[in-house]
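Reader: I would like to go through a few features of this model and how to read them. Please give the general idea before each case.

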Amino acid sequence: MGSTTIFKSIFLSNSCSRKFVLILTMFGNVFQYAIWLFIIYYRLPDYWWLIAAFVSSLVGGGNVSGFILNLIITDSTEESERTSKFLHIGAICTAVGALASLLIGFWIEYRGFLDLYWTALFLQLLTIIIVYRHMKSQTFTPIASENVHNYNKKTDSKCNKLVEICTVFSPRHTYRSRKRSLSLIITLLAFIFHILASLAFGVPFLWFQLNYPFCWSAKEIGYYNTVSSIIWCIGSIIGMKLFTYTRYSDAAICCISHIFFIISALWTSHAYYNWQLYAGLLISPFTSYQGSLTYSIISKWLEPSEINNAYTFVTEINTILNVFGNSLFNYLYSITVSYSRNFTILLAAGLGFIPLILNCFLYVVTKNIPDESDNRITECKPILIPDHMPIRVPVGTETILLPATTRNKSRRIQPI
């Protein structure tokens, strides 16, 4: 799935319609659901489940869809509104996911999996139709500020594009100021350790519920997931409204989020009674803002032409960590549960301190280090074109420059 995401990001960066890539990803889900139904109806061997997963991974799955959504949010919002927009979209996704989990639980209880798969297939086909009819193709002009003009060179080589993706966070970009380079590295490291902490907490949590002292049954776990879905639905919306109203910086919101995560992990690790696990849900909706705000932070320190590569790299990191993290922390729980039932959750709390410290450092960097050399463009407007029209550069021009804002208002970009 990781290589698929890189391939599609290169595809997108070479003027391929995001609409086409998004629909292709959805068709992969349709094929997966269809294979599941064939397995059930015709009692196919178990290896067909692996084939279904492989088919879905070929088109990227949810990672590619989220990648395209983040690009659309970044390209369609101004920098000053980007934090609130990411919080708003994150809250909506969390609320919808929580509500869906709640409904799916009751659906399986009374109707089973078969109707659920048919419903998923129908909804995915309906989504494809909606995207095809109502989503407009967008092409964003490759605008570069003066301090990056000499660095950026157009190339058609896929290998060079892959190198650009892998080195987008590298300090080798000499046109970046010290503040921008440092902020990007800190943000990336904070995101990595946030993912690791979340996996250490969430992956073995089901086994934590099944073992002593809780020894929950499937029904009790279902009740817990139902309450969790409701609280996440309400809490994510409240958190979004609160942080939007207070207008805290991205780094400050991430710091608050990591504090809540550490408290939640420590509370859960020492829980012995059922009510203690339920009480821990009250702060859980405020523990995961680092994941969504990472994209907002990155977009504010990069050139518009670099955002696609940066989002691809972050998506790849997320995919790789999830693939290996699931196996790692399940194995770690299995070898430590005999002498410490809460070792992995305590480990999650310890890992949570690392992104907390990094975001505190990021807050200091963004507030106290000057950035006089930063003349980058912070906003560009899309050109909407019909789906059937080819993308052409007007004769006699090399670059299309659109109205944009720079940090240094005294300078203006002259058209070529």
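Reader: Is the crossing of α8 and α11 left-handed or right-handed?

Author: A crossing is left-handed if the near helix is turned anticlockwise from the far one by less than a right angle, and right-handed if clockwise. Helices are DSSP runs (H or I, at least four residues), numbered from the N terminus. The crossing of α8 and α11 is left-handed. Contact means heavy atoms within 4.5 Å; here it is made by His194, Ala197, Ser198 and Phe201 of α8 with His258, Phe261, Ser264, Ala265 and Thr268 of α11.

Reader: What should I know about the source of the values?

Author: This is a predicted model, where local features need pLDDT of at least 70 and side-chain atom pairs count only at pLDDT 80 or more, while totals for chains, interfaces and linings use all residues. Residues are numbered from 1 along each chain as its sequence is written, and side-chain values use heavy atoms, with hydrogens and water left out.

Reader: Which residues of α15 are buried?

Author: Buried means under 20% relative accessible area (1.4 Å probe, protein chains only). In α15 the buried residues include Thr344, Ile345, Leu351, Pro355, Asn359 and Val365. Among the elements covering the buried residues of α15 are α8, α11 and α14 (304-336).

Reader: Why does glutamine 124 count as buried?

Author: Glutamine 124 counts as buried because its relative accessibility is 11%. This residue lies in helix α6 (residues 113-134). Leaving out residues up to four places away in sequence, glutamine 124 touches Met26, Asn29, Val30 and Tyr33.

Note on methods
Helix = DSSP H or I, 4+ residues; strand = E, 2+ residues; numbered from the N terminus. Buried < 20%, exposed > 50% of the residue type's maximum accessible area, 1.4 Å probe, protein only.
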